Amino acid sequence: MRILISNDDGYFSPGIMALAEALQAIGEVTVVAPERDRSGASNSLTLDRPLTVRRASNGFFFVNGTPTDCVHLAVTGLLDFVPDAVVSGINLGANMGDDTIYSGTVAAATEGFLLGIPSLAISLAGKAGAHFPTATRVALRLLERLRAEPIRDPVLLNVNVPDISDSEIEGFEVTRLGRRHKAEPVVRTKTPRGETVYWVGAAGDAQDAGPGTDFHAVARKRVSVTPLQMDLTHREQLDAVRGWLDR
Ligand code: MN
């Protein structure tokens, strides 16, 4: 099994190191990841300049671009094979609910999925990053399942792993995305030269976090697995918008 690994935290991050090491047990691993932290990059592609690919001493490729750039250029030019799976992560911090819209971790997996490859986005749902081994075991388990029994259509799974030890995990739950409250306001501050600048504030708390959601599963120490799709069409609104337009 040939596995392409990427992330949005950067090629040097502890999460991608742990993931690449663990997945060597199940396949041939290639890492192509951003040269710096691109968390929040979403699905952006770099179109206004060329991209460079350099190789670190540990064999990882790093790119002066986004997570989407990394997977795109790996699959469509850099590699001389099509990976059997794309795994993005392990992100330091959860990607649940509307986080998935902004997430570069999810975006790297999405790019694999859009190129027809089964893809996983894996996030450790805690800012401490104390239990990457729990998440690497989850990644291994999912890839073993994929190898033993491929899902017929390409699949995009968004996986969130509680930041607790393996023995405390209460199993897996297949979930839907929850939703957060609206984000905190921007934080206004001054540069040393007196210019007013703004920091984008923290994400809001979970609002729709009821049973069946990713938030709910992770809060109950379960690994959340959400199958995602990329068609943004709001099908239930098609007729309403047609009617509104015709009046
Ligand atoms: Mn990140």
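Visitor: What covers the buried residues of α1?
Guide: This is a predicted model, with residues numbered from 1 along each chain as its sequence is written. Local features need pLDDT of at least 70, side-chain atom pairs pLDDT 80 or more, while totals for chains, interfaces and linings use all residues, and side-chain values use heavy atoms, without hydrogens and water. Helices (H or I, at least four residues) and strands (E, at least two) are DSSP runs, numbered from the N terminus. The cover of the buried residues of α1 includes β1, β2, β5 and α5.

Visitor: Which residues of α1 are buried, and where do they fall around its axis?
Guide: Buried means under 20% relative accessible area, exposed over 50%, partly exposed in between (1.4 Å probe, protein chains only). In α1, the buried residues are G15, I16, L19, A20, A22 and L23. They line one face of the helix, because seen down its axis they fall within an arc of 165°. That arc is taken from the directions from the helix axis to the C-beta atoms.

Visitor: Which exposed residues does the face of α1 turned away from its buried side carry?
Guide: Look at the face opposite the buried side. There sit P14 and E21.

Visitor: What is the strand order of the open sheet?
Guide: The sheet has nine strands with mixed pairing. Two strands pair if DSSP finds at least two bridges between them. The order is β3-β4-β2-β1-β5-β6-β7-β13-β8.

Visitor: Which strands stand at the edges?
Guide: An edge strand here has a single partner strand, so one side is left without a neighbour in the sheet. The two are β3 and β8 (172-174).

Visitor: In β5, what is the bridge partner of I5?
Guide: β1 and β5 (residues 85-92) pair in the parallel sense over four bridges. The partner of I5 is V87.

Visitor: How many residues apart are D8 and S39?
Guide: D8 is in the loop between β1 (2-6) and α1 (14-23). S39 is in the loop between β2 (28-34) and β3 (53-55). The pair links distant parts of the chain, 31 residues apart.

Visitor: Is D8 buried or exposed?
Guide: Its relative accessibility is 2%. Therefore D8 counts as buried.

Terms used: Contact means heavy atoms within 4.5 Å.
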